[in-house]
Amino acid sequence: MRLFAAFLVVAAMNMTLAIVPAQARGFSFEDFFTGRTVAEGSFRAITGLQRRFTVALHGKWDGRTLTLREDFTFDDGTRDHKTWRFVKTGADRYRGTREDVVGETLVKIDGNVARFTYLVYLDAANRRNKVRFHDTMTLKNDGTVLNSAYVTKFGLPVAWTRVEFRRR
């Protein structure tokens, strides 16, 4: 009887392993974003504002810093340009800055997931409408990266964004 019970436990463990997808390889910003990347995304606010956009990205890695230029085109035809600079500070850590970000962000990668949060001015020219982005970027098994973020103001959620990146 014990032998049969042990067999059932081993069989159940093998069946569980068979249905769990393979884990994506480790994620590093310089591996994924160096060179050309494209993305499609959307932004939704609690006010009802919805915007879709595409992004053409060009990343340069110098062995310590990833400079990542983002060229946005929104569904209404407007364009925007942002440049991230991510300095690698450890095997799974970066410090990031961007022209509209207040201070810097600290990026922590755990396996295939990067998490970071930062303050940004939505109206950078006039330094108004400061909000906090809470980003979670996941390297998926198909080689794409999904960035899901929620945006808060005074600690309350006010918007959500979803962006999917593909290597070109």
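Select Thr 37, which counts as buried because its relative accessibility is 1%, where buried means under 20% relative accessible area, exposed over 50% and partly exposed in between, with a 1.4 Å probe and protein chains only. This is a predicted model, in which local features need pLDDT of at least 70 and side-chain atom pairs count only at pLDDT 80 or more, while totals for chains, interfaces and linings use all residues. Residues are numbered from 1 along each chain as its sequence is written, and side-chain values use heavy atoms, with hydrogens and water left out.

Thr 37 lies in strand β1, residues 35-45; strands (E, at least two residues) and helices (H or I, at least four) are DSSP runs numbered from the N terminus. Next, show what Thr 37 touches: leaving aside residues up to four places away in sequence, its contacts (heavy atoms within 4.5 Å) include Phe 32, Val 55 and Phe 165.

Now move to Tyr 150, found in strand β10, residues 145-153. With a relative accessibility of 42%, Tyr 150 counts as partly exposed.

Of the 168 residues in the chain, 36% are buried. Among the contacts in the chain with a separation of 6 or more, 33% come from residues 24 or more positions apart.
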